[in-house]
Amino acid sequence: FFGACGDRNSRAGMPVGAVAAHAAVRQRRRRQGDVAPRRSKQQAESDRKANKLKAVLKTYDSNKSGKLERDQVKQLLTDLDSETPPGTAPSDTELDFVIKVADVSGDGALHHDELMAAIRCWLTYVQLRAEIEEKFEKYDVSKTGTLSKEELKPYLVELNDGQAVTDEEVECVWAEADVLGDGAIHKPELVKATAVWYNEVKPKRSSACAIL
C-alpha cells in the first residue's frame, strides 16, 4: 500500500515539488480544455445573433443605405408586434422612443450595431403594454395620455410597496425616464421609469437603510 502511494506521488523518483508542479500543469490544461468549448459555444451564439441582425438589416433596408431609417424601423416594429392585429403600426411616440433609446450615433437611423437594442426595447414594451395601459388608467388623473411628476410619484409609491418616496427620488427617475425630453412621461417611458426605480433608486434606498 505504502509502496503504491510512494510510486504515485514520486513519479519514479521525481521530487515532490516537481510532482506538484506537474500536477498543476495537467490541471491547468484540463481547465483550459474546458474553457475552449465554452468559448466556442459563446462565439457560435454571437455569430448566430450577428447573422440574424444582418438578415434583418438586409430585409428592411429597402434603399440599401446600410441602416434603417424611420419608415423602415416603423415597418420592422410593425412586423415584430405580435400583441396587436397584423399590420398595426407603432404610434409616433412609440417609434420615437425606440429610436431614441437605440440610436447611439444620434443620426436618427438604426445601424447594424444598434438593432439589437431597438428590438429588445420594443419587445419588452410590447409584452408590458397591457399592464402599462392599466397603470395609465389609474395614475393619469389629468387624462392627458402622459404622466406629470405629480402623477408619477404615486406610481413610484406603489412600486415602493406603499412607502413614501422623496421628491429627489422622483427627479432621479424622471431625469432618465423622460427619454423624449418633452417634460412628460409617455407610456413607453413608463417601462424606463420602472427599470430606473428598481435598478438604481431602490437599491440606493436599501443601502441607506442598511447603513442606518
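Analyst: Helices are DSSP runs of H or I, at least four residues long, numbered from the N terminus. The model is predicted.

User: Where is lysine 143 placed?
Analyst: Lysine 143 is not a glycine, yet its phi is positive, at about 55°. Its relative accessible area is 55%, and exposed means over 50%, so lysine 143 is exposed. Its place is in the loop between α5 and α6.

User: Is aspartate 161 buried or exposed?
Analyst: Aspartate 161 sits in the loop between α6 and α7. Its phi is near 60°, a positive value in a residue other than glycine. Its relative accessibility is 62%, and the cut-off for exposed is over 50%, so aspartate 161 counts as exposed.

User: What pattern does the protein follow along the sequence?
Analyst: The protein has eight helices and zero strands. Read along the sequence, the pattern is α-α-α-α-α-α-α-α.

User: What share of the 212 residues of the protein counts as buried?
Analyst: Buried means under 20% relative accessible area. By that cut-off, the buried share of the 212 residues is 31%.

User: How do the residues of the contact of α4 with α5 divide?
Analyst: From α4 come Glu94, Phe97, Val98, Val101 and Ala102. They meet Ala117, Ala118, Cys121, Trp122, Tyr125 and Arg129 in α5. The division is nine nonpolar, no polar and two charged.

User: What is the handedness of the crossing where α4 passes α5?
Analyst: The two helices pack with their axes 8 Å apart. The crossing of α4 past α5 is right-handed.

User: How are α6 and α7 oriented to each other?
Analyst: Helix α6 spans residues 149–159 and helix α7 spans residues 167–177. Their axes come within 10 Å and cross at roughly 105°. That angle falls in the range 65 to 115, so α6 and α7 are roughly perpendicular.

User: How do the residues of the contact of α6 with α7 divide?
Analyst: On the α6 side are Lys149, Leu152, Lys153 and Leu156. On the α7 side are Asp167, Val170, Glu171, Val173 and Trp174. They divide into five nonpolar, no polar and four charged.

User: How many disulfides does the structure hold?
Analyst: A disulfide is a covalent bond between the sulfur atoms of two cysteines. Cysteine 121 is buried, at 15% relative accessible area. Cysteine 172 is partly exposed, at 29%. The number of disulfides in the structure is zero.

User: Is tyrosine 60 buried or exposed?
Analyst: Tyrosine 60 lies in helix α2, residues 16–60. Leaving out residues up to four places away in sequence, it touches Leu68, Gln72, Gln75, Leu76 and Asp79. Its relative accessibility is 16%, and the limit is under 20%, so tyrosine 60 counts as buried.

User: What distance separates the C-alpha atoms of tyrosine 60 and glutamine 72?
Analyst: The two residues are 12 apart along the chain. Gln72 is one of the residues that tyrosine 60 touches. Their C-alpha atoms are separated by 5.8 Å.

Key. Residues numbered from 1 in each chain as written. Predicted model: local features only at pLDDT ≥ 70, side-chain atom pairs only at ≥ 80, totals over all residues. Heavy atoms only, no water. Axes fitted to C-alpha atoms, helices over the stretch in contact; angles between N-to-C directions. Left-handed = near helix turned anticlockwise from the far one by under 90°. Contact = heavy atoms within 4.5 Å. Nonpolar A, V, L, I, M, F, W, Y, C, P; charged D, E, K, R; others polar. Disulfide = S-S within 2.5 Å. Buried < 20%, exposed > 50% of the residue type's maximum accessible area, 1.4 Å probe, protein only. Parallel < 35°, antiparallel > 145°, perpendicular 65-115°, else oblique.
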